[in-house]
Amino acid sequence: MPQPITVVDAFTSVPFTGNSAAICILSAPRDDRWMQAVAREMNLADTAYLLPEDGGWQLRWFTPTVEVDLCGHATLASAHVLWDEEHADRSETLSFHTRSGVLTACHRGDWITLNFPSTPPMDAAAPPTLAPALGVPIVSAWRTPFDWMVEVDSETTVRALDPDLAALARLGGRGVIVTSRASSPDYDFVSRFFAPAVGIAEDPVTGSAHCALGPLWGRRLGRDELTGRQASARGGIVRVALQGDRVLLSGQAITTLRAELLA
């Protein structure tokens with residue numbers, strides 16, 4: 001039986017920007033090998049699979065090479081598809097059962113708000129190969145449950161990064177978040193995210209990275225509500241609100257493709 005699949009650009013309202021995710025709403029369970037093969041075929045940062053479970057939805061995320069524990073943009077895209085294709089009412093708060101616990105999504109005007117776990121960064125000595133791999137000096141370094149995170153001197157430096165991806169892949173962990181204070185008054189901070197170790201050279205917009213970026217910049221700026229700009233070539237905007245051990249991530253989404261998998 002053909003399997004519908006929808007491609008959504010997340011953390012943007014402009015087609016072909018933001019971060020693309022492929023979303024499969026399954027009518028029955030599929031095995032891990034099939035899900036990984038489809039993710040490899042789609043060759044997007046993440047492919048998400050949804051299956052009804054306990055009054056909500058089981059949600060799993062696969063990059064082209066591995067299953068991951070937490071993914072923001074594919075969760076946002078999943079919520080968008082469930083509402084847009086009328087699998088759920090827009091007034092309904094969606095619950096997702098994931099490897100990172102229960103996550104929720106609600107619709108607020110043109111924006112979708114996700115309730116995610118906060119992952120505050122911890123001070124850590126940067127590996128000696130990290131700065132050479134990035135090709136720029138590091139101001140500060142931290143470790144999150146998933147990634148290395150570093151601060152550099154300016155937004156100009158963040159935007160100009162051209163790292164050695166092979167060297168970054170050897171660092172261990174999921175990836176590397178690079179951030180600085182924003183130079184534009186429209187944003188509080190900027191970032192980029194590189195994850196070659198899990199098959200993603202550069203992730204265009206990374207919701208889960210903002211679970212660490214939000215607490216960092218919230219402490220720095222003394223605020224609970226911030227706006228981040230991920231300064232990849234595609235780019236995207238993530239609004240962050242800090243609520244204790246949770247982080248509310250808000251973004252927009254737009255469908256760009258509907259198709260069917262025949263195998």
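Select Glu86 to begin: with a relative accessibility of 72%, Glu86 counts as exposed, where exposed means over 50% relative accessible area, buried under 20% and partly exposed in between, computed with a 1.4 Å probe on protein chains only. Glu86 lies in the loop between α2 and β6 (94-98), the helices (H or I, at least four residues) and strands (E, at least two) being DSSP runs numbered from the N terminus. Its phi is positive, about 60 degrees, although Glu86 is not a glycine. Most residues other than glycine have a negative phi.

Before going further, note that this is a predicted model, in which local features need pLDDT of at least 70 and side-chain atom pairs count only at pLDDT 80 or more, while totals for chains, interfaces and linings use all residues. Residues are numbered from 1 along each chain as its sequence is written, and side-chain values use heavy atoms, with hydrogens and water left out.

Select Asp54 next, in the loop between β3 (46-53) and β4 (56-62). Asp54 is another residue other than glycine with a positive phi, here near 50 degrees, and Asp54 is exposed, with a relative accessible area of 69%.

**Aromatic rings**

How many aromatic pairs does a search of the whole structure find? The search finds three, counting rings of Phe, Tyr and Trp (its six-membered ring) whose centres lie within 6.5 Å, with planes under 30 degrees apart called stacked, over 60 edge-to-face and the rest tilted. Select Phe189 and Trp217, which form a stacked pair at 6.2 Å centre to centre with 5 degrees between the planes. This pair links distant parts of the chain, as Phe189 belongs to strand β13 (residues 189-195) and Trp217 to helix α6 (residues 210-221), 28 residues apart. Phe189 is buried at a relative accessible area of 0%, and Trp217 is buried at 2%.

Then move to Trp34, Tyr49 and Phe62, which form one aromatic cluster; the charged end of Arg30 sits over the ring of Trp34, 3.9 Å from its centre.

**The helix and the hairpin**

Return to α6 and colour the helix by accessibility. Nine of the twelve residues of α6 are buried, so the helix is largely enclosed by the rest of the structure; among the buried ones are His210, Cys211, Leu213 and Pro215. Just after α6, Gly222 takes a positive phi of about 65 degrees.

Now select β13 together with strand β14 (residues 200-203), which pair in the antiparallel sense over two bridges, pairing being assigned if DSSP finds at least two bridges between two strands. Ala195 stands opposite Ile200 in β14. The hairpin has four residues between the strands, and in it Gly199 takes a positive phi near 90 degrees.

**Cavities and a pocket**

On a 1 Å grid over the protein atoms alone, a cavity is a set of points where a 1.4 Å probe fits but cannot get out, a pocket is an open set with protein on both sides within 12 Å along at least five of seven lines, and lining residues have an atom within 4 Å of a point. Grid points are joined across faces, edges and corners, and a volume is the space filled by probe spheres set on the points.

Two cavities of 30 Å³ or more are counted. The largest cavity holds about 110 Å³ of space; of its 15 lining residues, the closest to its centre are Asp46, Leu70, Arg174, Ile200 and Asp203. At least two lining residues each come from α2 (72-84) and β14.

The second largest cavity holds about 40 Å³, and its lining includes Leu168, Arg174, Phe194 and Pro196. Here α5 (165-169) and β12 (175-181) each supply at least two residues.

Finish at the largest pocket, with a volume of about 160 Å³. Select Arg108, Trp111, Glu225, Arg239 and Leu248, which are among the residues that line the pocket. The largest share of the lining, three residues, comes from β16.

How values were computed
A charge sits over a ring if NZ of Lys or CZ of Arg is within 6 Å of the ring centre and within 35 degrees of the ring normal.
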